[in-house]
Amino acid sequence: MKQQSRVTAESIKNVFAAFERSEAEVLALLAELYHSEIEFRDPIQEVRGRDAFIEANRRLIRRAQSIRFMVHDVVESGDRIVATWRFSLLTRVGAEFQAEAISYMALRDGLIVRHRDYWDPAGAVLVKIPGISALYRKLLGALA
């Protein structure tokens with residue numbers, strides 16, 4: 001009989017929401033929901049192991065004045081979870097970044113063992129620079 005996952009769509013939504021509440025809560029939830037052999041990858045980093053993953057999130061939280069994840073959807077299918085969300089980060093030096101994103105998570109033993117985030121890092125930065133934003137959008141339009 002297949003083991004029922006501890007990680008659910010609701011627990012994923014709770015992790016995203018915790019970023020607005022407290023560092024301690026976020027890190028505790030990550031330790032609870034992620035496998036010791038987690039492989040995480042996004043456009044700016046690749047991390048292996050739960051301790052390294054938790055430390056990467058600790059650094060993110062400490063670099064931010066505020067972090068917000070607005071979750072659009074979370075879908076479970078067997079041992080896979082997909083979430084779509086919007087990220088908004090205000091750094092301690094006042095720079096703001098926003099991006100639309102999607103997360104793909106695979107479970108093993110009811111815990112997240114693979115987590116891949118897809119988002120556009122150039123768009124998150126370039127849309128904030130006057131003049132560059134229009135050029136970036138024009139370049140993307142030419143590629144479409």
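What percentage of the contacts in the protein chain with a separation of 6 or more comes from residues 24 or more positions apart?

Mentor: The share is 48%: that is how much of the contacts with a separation of 6 or more comes from residues 24 or more positions apart. Keep in mind that this is a predicted model. The protein chain has five helices and six strands. Along the sequence they follow the order α-α-β-β-α-β-β-β-β-α-α. Of the 144 residues in the protein chain, 36% are buried.

Now the core. The largest nonpolar core holds 33 residues. Within this core, I12, L30, Y34, I67 and I112 touch the most other members. Several elements each supply at least two of the core residues: helices α1 (9-18), α2 (23-33) and α3 (50-63), together with strands β1, β3 (64-77), β4 (80-91) and β5 (96-108). In general, nonpolar side chains in soluble globular proteins tend to be buried together.

Take I67 as a case. Leaving out residues up to four places away in sequence, I67 touches F19, E20, L60, I61, F87, S88 and L89.

Next, β1, one of the contributing strands. Strand β1 covers residues 34-42 and runs antiparallel to β2, residues 45-48. Four bridges join the two strands. A hairpin of two residues links β1 to β2. D42 sits opposite Q45 in β2.

The protein chain exposes about 8,600 Å². Carbon and sulfur atoms supply 54% of that area.

Key
Residues numbered from 1 in each chain as written. Predicted model: local features only at pLDDT ≥ 70, side-chain atom pairs only at ≥ 80, totals over all residues. Heavy atoms only, no water. Pairing = 2+ DSSP bridges. Core = buried A, V, L, I, M, F, W, Y, C linked by side-chain atoms within 4.5 Å. Buried < 20%, exposed > 50% of the residue type's maximum accessible area, 1.4 Å probe, protein only. Contact = heavy atoms within 4.5 Å. Areas by Shrake-Rupley, 256 points an atom, 1.4 Å probe, with all protein chains shown as cover.
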